[in-house]
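Biologist: Please put the model on screen, and then we can go through it by question and answer.

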Amino acid sequence: MKGLSFDLVASIMTGIFVCLIVFPVFALFTTTSFGELIYQIKSPSVLSAVFISLETSSVVVLMALFLGIPTAYFLAMKNFKGKEILDTLVILPLSMPPLVAGLALLILLGGNSKFGSVLRNHGIDLIFSKKGIIVAQLFVSIPFLIKSAREAFESINKDVINASLTLGASKFHTFKTVLIPLSKNGIYTGMIMTWARALGEFGATSMVAGCIPFRTETMTVSIYQNAMSGEMNSAIAVALFLSVFSFTLLLIFKLRVRGQTENERYTQ
Amino acid sequence: MSVTLNKISKSYNGRSVLKDLSLKIRKGEFHVLLGPSGGGKTTILSVIAGLTRQDSGSVFIGKREVSNLSPGERRIGFVFQDYALFPHLTVFENAAYGLRVKKVKESKIRRKVDCYLSKVHLEKEKDKFPQQLSGGQKQRAALARALVAEPEVLLMDEPMNSLDTLTKETIRNELKSIHQEMEMTTVYVTHNQDEAILVADQVSVLHHGEIEQIESPDELFYHPKTEFVARFVGIKNILKVFPMEISNSEAAVQINSDGLGQPIKIRVKRYPILEKGKEINLCIHPDKIILKRINEAVDVNLNRISGKIMDRTKNSRDFRTMVDIGGMVLHAATRGGLFDFEANENVWVCFAPDALHPLCGKKSRVPLSKRRCMNRLYSK
């Protein structure tokens, strides 16, 4: 009986949580007509924001893979002094308010800083540009990939790695042929989370890249700009596109992982 | 190839796991590292394989010093405790992994892998993934993977731990026949005495990072040299004795073991280590104890102690009869598995004077200067 009442409480809590997610999204759908939605999505400013967001977030995922996977490997496989500090640094962007991150990047990369001047002298101008968006999105989203990949690496039986080494494989060959294939689900999860976080990034991006239409205006920035200037239909169209896109992305990923898990279970 | 460990020491977080350990394993030998958990057995394998770097000392495979070589350069094969098969590769691809790393021609890979998979009876399972195999099949796949690369030394870390008794027996026999066929130096780690007896040419018993004794299985189980080894191999008959008189061939000693109400006088073979008045531990294997009914005649050349039957117990290999000899319990092998005594029945506990041997020494495969004790003990 006690178990039953606990189950009931848990079900009610789950119901409240679902409402918390579904109602706001539903509200977006009900405030506009389908025709208006299509019209707004086809408008050049919305399309531009969508393309800028998709382009920058895709580049961010690739860069996160390039930088994050070796970092995750290093953290998972090596024991060294200061590991705890590096570990904390890696997840710091998760706890840092995006506006603070944006401000820090603005100070570092802006023309007034030494580093910013060096970059500018070499023709790299990050402030108020797409490159700036990428840097800001990468800063706030890369911890998701590192964390996820690291957990995946750590879950691999160390003897499987040792077996590869005793069979003559180098560490890189072992990484390529054993660690990466066995961690792929964790890496995919990290990629999806990174992509979703980059797509939804607003604070740091707007600080570093500003809100220049057709140049640095991402979907989230566009929603904010349009909502603030009273263009609600336009803001809702972008918000809906972003929500549906994120939901579809997560759903496809979940189905893919479930399919794989079931396939593995079947073969056991 | 022979394997030589020269004064190997290894500590983890200040805790010493191997202490100045030296060991020579001959070419083609099936050498078992036996001991309880935490004795340093697996660390020795890891040091030979190069997966763990020793703090000091050197490792040789044949005449080649491999102390600073990576695992892949040492030409060893390793069978891990939980098999460590690559779960994303088929049995064939698992076995072919080492050859693919070495960029061997595809036709040669096929030929060699098929040959070794048939040796371990896994031809029909070659397209299966490890998750689809039974424990025994996984074990065979791991063995095939280690052998395909034709290593100079095969290292096995408790490979039969998770197998059932029947599968263990089958795999053990296959392993022995493969070893005999390939004559490959094999270092095998186990904590199971039975396994050690059945597969080993030589056994090293490890305790707290040191070798207690190196011996052939028969010698080890009948003549343990230290109290630890005796107890580890299941011999509980350890007698604390006090030599009273020593003649040319025998010594009269008094058993003073704890718990004994009255000291018991017996005769033992005269070992050079026995000194009048100097207490020493002697050990007797349960197989060498004969139980006689109180009305049965006893050979006058045997020691005879009166005792009372307590119970029957079983170790992993056979049944033992427990006899109380006045406050101390001796274990006697139960002949033919038959327990034909009544509980509390009075019996004679009989054994020959040379059935007991002193627990005095350590390793036997050590420099001659250090073997004096052993040589003196067993010289006839």
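**Strand pairs and burial**

Modeller: This is a predicted model. To begin with a strand pair in chain B, V79(B) has M156(B) of β7(B) standing opposite.

Biologist: How many bridges join β6(B) to strand β7 of chain B?

Modeller: β7 covers residues 153-157 of chain B, and M156(B) in that strand stands opposite V79(B). The two strands run parallel. The number of bridges that join them is four.

Biologist: Which residues point the other way from I76(B) and F78(B) in β6(B)?

Modeller: In a regular strand, side chains alternate between the two faces of the sheet. In β6(B), I76(B) and F78(B) share one direction, and all the residues on both sides are buried. Those that point the other way are G77(B) and V79(B).

Biologist: Which strands stand at the edges of the open sheet of four strands in chain B, and why is one side of each left without a neighbour?

Modeller: The order in this open sheet is β2-β1-β4-β5 of chain B, with antiparallel pairing. A strand at the edge has a single partner strand, so one side of it has no neighbour in the sheet. The edge strands of chain B are β2 (15-25) and β5 (64-65).

Biologist: Which residue of β5(B) does I61(B) stand opposite?

Modeller: Strand β4 of chain B, residues 56-61, is joined to β5(B) by two bridges. These two strands run antiparallel. Opposite I61(B) stands R64(B).

Biologist: Is A332(B) buried or exposed, and why?

Modeller: A332(B) sits in strand β18 of chain B, residues 329-333. A residue counts as buried if 20 or more other C-beta atoms lie within 10 Å of its own. A332(B) has 26 other C-beta atoms within 10 Å, and therefore it is buried.

Biologist: How far from A332(B) is the C-alpha atom of H285(B)?

Modeller: Leaving aside residues up to four places away in sequence, A332(B) touches P286(B), I289(B), L291(B), R320(B), T321(B), V323(B) and V349(B). H285(B) is 47 residues from A332(B) along the chain. Their C-alpha atoms are separated by 8.0 Å.

Biologist: Which element gives the most to the side of chain B that touches chain A?

Modeller: The contact between the chains takes 20 residues of chain B and 17 residues of chain A. On the chain B side, β6 (76-79) and α2 (91-101) each supply at least two residues. With three residues, the element that gives the most is α2(B).

Biologist: How far apart do the C-alpha centres of the two domains of chain B lie?

Modeller: The domain assignment of chain B gives domain 1 (3-230) and domain 2 (236-358). Domain 1 of chain B puts six residues into their contact and domain 2 of chain B puts in seven residues. The C-alpha centres of these domains of chain B lie 39 Å apart.

Biologist: And how far apart do the C-alpha centres of the domains of chain A lie?

Modeller: Chain A is divided into domain 1 (1-30) and domain 2 (43-267). Its elements comprise 13 helices and zero strands. The C-alpha centres of the two domains of chain A lie 30 Å apart.

Biologist: What share of the residues of chain B count as buried?

Modeller: Chain B has nine helices and 20 strands. Its C-alpha atoms fill a box of roughly 75 × 45 × 40 Å along the principal axes. Of its 380 residues, the buried share is 41%.

Methods: Residues numbered from 1 in each chain as written. Chains lettered and ligands numbered in written order. Predicted model: local features only at pLDDT ≥ 70, side-chain atom pairs only at ≥ 80, totals over all residues. Contact = placed C-beta atoms within 7 Å. Buried ≥ 20, exposed ≤ 12 C-beta atoms within 10 Å, placed from the backbone. Domains from an automatic or database assignment. Pairing = 2+ DSSP bridges.
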